[in-house]
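Open the model in your viewer and keep the selection tool ready. We will go stop by stop: select, look, move on.

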Amino acid sequence: MSEVPGDLKYTKDHEWIRLEDDGSVTLGITDHAQESLGDLVFVELPEQGDSPGAGDGIAVVESVKAASDVYAPFECTVEEINGTLADEPEKVNSDPYGGGWIARLAPASPAALDDLLDAEAYEQLLAEAED
Amino acid sequence: MPFIPHTEDDIRAMLDTIGVDSIGRLFEEIPAELVIDDLPGVPDGLGEMEVARLMHGRAARDGSPLCFIGAGAYEHHIPAAVWEITTRGEFYSAYTPYQAEASQGTLQVIYEYQTMIAGLTGMDVSNASLYDGASALAEAALMAVRANRKSRSRRVLLAAGVNPVYRKVAEAIAGTQGLEFDYLPLDPATGLTRLEALAEAGEAPVAVVIQQPSFLGTLEDMDALTDRARELGSLVIAVVNPTSLAVLKPPGEWGEEGADIVCGEGQPLGVPLSSGGPYFGFMAARKKFVRQMPGRIVGRTVDLDGKPGFTLTLQAREQHIRRSKATSNICTNQGLMVTAATLYLSLLGEEGLARVATECHDRTAALCAALTGVDGVRPAFDTPFFHEAVLRLDRPVAPVLAELAARGVLGGYDVSADYPELGDALLVCATETKTEADIRCYAEAMAEVLATGQPRRAAG
């Protein structure tokens, strides 16, 4: 069973979101997502200042045999990207909730996080997928 | 490893295993109204003997005229060894085999090809080739949209000297995906793109395409065009003739930073004219755009024992992994043509290709001198050219070309329809295959044709 930290929010696309003290959020892919993709060889990062709408692709995580889009969970502006992933994409595998973060986003609306899954709901989603 | 189709027994065994009685059953989910029973206009199949007879007949219609047409495809001498080796059983296949465990030879040839193309263009990476130069430009334009993430534009601006056929093909392929292709204006006095028009172009285009040498044979100021395009925030796509790169500055060195994507027609590298095909397109780019490239890419690696080997790489761009978001629907290359090109470049080497290029330029200069010595023929521009040049006739071009053809001379390409601002303009080309006697023969035929008939009266 993959790790699902209790203090994060999740999407059904296997992304995690952490609300930071300054109101911004950090986004990454879950332990389950990195495990399913296998060893990552490349992460295509967004650019600082990009302002995607909800559901727009903002990054691509690529393993040897698969590539998967990372979506903006809500309308937002990209404030910062994890540039270290350009040279060390494997960080997403080894530390998906820490050094493997992908981008820091400023949500367009403070209510944006309300629709996301909590850890319990995400675990249930994973359990259902396994059935 | 042989690549032999399944036998009836193989197919039966597979169908029995999955419990289906015929292959047709596997396609039952296709709605009946979408299934086509016959293809109107497509005749029944022919046997080998009948096909051979038909094709010999068609080929004979080409005759063996003296050809001075370039306009995108060029007659070059091809050393006999090129096709002798290309058509060996190890290489000769309708399908390029990519399985690393079975196709190290083929993969190595493609890898060598990519290395040569990257070297010629001054780029970091090359793909394994595309179908032809025109579709390569369409793919390059689509690639530029993916790569230029800062631009919201879907407009691609073409220098005046981009092959008009390439534009049509690019529109057919990429137009349905929302791309627009517009030309920058031509300066009819020089045969060059009006550089200042780039600044007046309105919304900054996602990419600017520069062809060198231009379709009219002229040598553009690609340093200035590249730098201006970059100032606008556009990517720079270079369309180049590979032979010319032996003597001209490679696109990777154009302007301050070089072009971003380079494509073109590979036919001049060892592929015969063959009435128009098959040819191959090449494409190269800077490394930072490699994940946006279409087509196959072969990489060099080591196996478990540390021995060098070759394999397809960066496949996450492609359809079998990326599905609808793949960089292209092209998942193969022109393997056989690329094999010939690789052998051609290997046999000629850097020096040999430069000699071909220089010889082509000299022969075209000699051809222009001979033809402009004929009454009624003038040079259209006084601009440096590579191995093609535009001449202006004193009368409409098409009937003159017809008369020349009747004398066994294919006299060039009539550009008056594509570039009406040039008037009665004829694009001629002489490669290293044309001797002094050939050039004299053409000039004499031209003199004969123009001596009969009437010049167009000077208007106004």
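Start with chain B. Of its 460 residues, 46% are buried. Keep in mind that this is a predicted model.

**Stop 1: the whole of chain B**

Show chain B as a cartoon. Look for 11 helices and 17 strands. Now switch to the C-alpha trace. Along its principal axes the trace spans about 80 × 55 × 50 Å. How does the radius of gyration of chain B agree with that of a compact globule? For 460 residues, such a globule would have a value near 23 Å, and chain B has 24 Å, which agrees. Next, think about contacts between residues at least 6 apart in the sequence of chain B. Of these, 76% join residues at least 24 apart.

**Stop 2: strand β9 of chain B**

Select residues 261-265 of chain B, which form β9. Is β9(B) enclosed or open to the outside? It is largely enclosed by the rest of the structure, because 5 of its 5 residues are buried. In a regular strand, side chains alternate between the two faces of the sheet. Check both faces here. On one side are Ile261(B), Cys263(B) and Glu265(B), all buried. On the other are Val262(B) and Gly264(B), buried as well.

**Stop 3: the partners of β9**

Strands of a sheet pair through backbone hydrogen bonds, either parallel or antiparallel. β10(B) and β9(B) run antiparallel and share 5 bridges. Now centre on Val262(B). Which residue of β10(B) stands opposite Val262(B)? It is Ala284(B). Ala238(B) also stands opposite Val262(B).

**Stop 4: the loop from β9 to β10**

Select Ser274(B), in the loop between β9 and β10 of chain B. Its phi is near 45°, a positive value in a residue other than glycine. Is Ser274(B) buried or exposed? Count the other C-beta atoms within 10 Å: there are 12, so Ser274(B) is exposed, since 12 or fewer is the cut-off. The peptide bond between Gly277(B) and Pro278(B) is cis, with omega about 0°.

**Stop 5**

Go to Pro213(B), in the loop between β7 (207-212) and α7 (222-232). Look at the peptide bond from Gln212(B) to Pro213(B). This bond is cis as well, with omega near -10°.

Now jump to Ser129(B), in the loop between β2 (125-126) and α5 (133-147). Phi of Ser129(B) is positive, near 105°, and the residue is not a glycine. Ser129(B) is buried, with 28 other C-beta atoms within 10 Å.

**Stop 6: a sheet in chain A**

Switch to chain A. Find the open sheet of 5 strands, in the order β1-β2-β3-β8-β7, with antiparallel pairing. Which strands stand at the edges? They are β1 (9-10) and β7 (76-81). Each has a single partner strand, so one side of each is left without a neighbour in the sheet. Then select β3 (25-29) and β8 (103-107) of chain A. These strands are antiparallel and pair over 3 bridges. Zoom in on Thr26(A): its bridge partner in β8(A) is Arg104(A).

**Last stop: where the chains touch**

Show both chains. Here 5 residues of chain B are in contact with 7 residues of chain A. The chain B side has 2 nonpolar, no polar and 3 charged residues.

Note on methods. Residues are numbered from 1 along each chain as its sequence is written. Chains are lettered from A and ligands numbered from 1 in the order in which they are written. This is a predicted model: local features need pLDDT of at least 70, side-chain atom pairs count only at pLDDT 80 or more; totals for chains, interfaces and linings use all residues. Two residues are in contact if their C-beta atoms, placed from the backbone, lie within 7 Å. Ala, Val, Leu, Ile, Met, Phe, Trp, Tyr, Cys and Pro count as nonpolar, Asp, Glu, Lys and Arg as charged, and the others, Gly among them, as polar. Helices (H or I, at least four residues) and strands (E, at least two) are DSSP runs, numbered from the N terminus. A residue is buried if 20 or more other C-beta atoms lie within 10 Å of its own, exposed if 12 or fewer, and partly exposed in between; C-beta atoms are placed from the backbone. Two strands pair if DSSP finds at least two bridges between them. The radius of gyration is taken over C-alpha atoms; the globule rule is 2.2 Å times the number of residues to the power 0.38.
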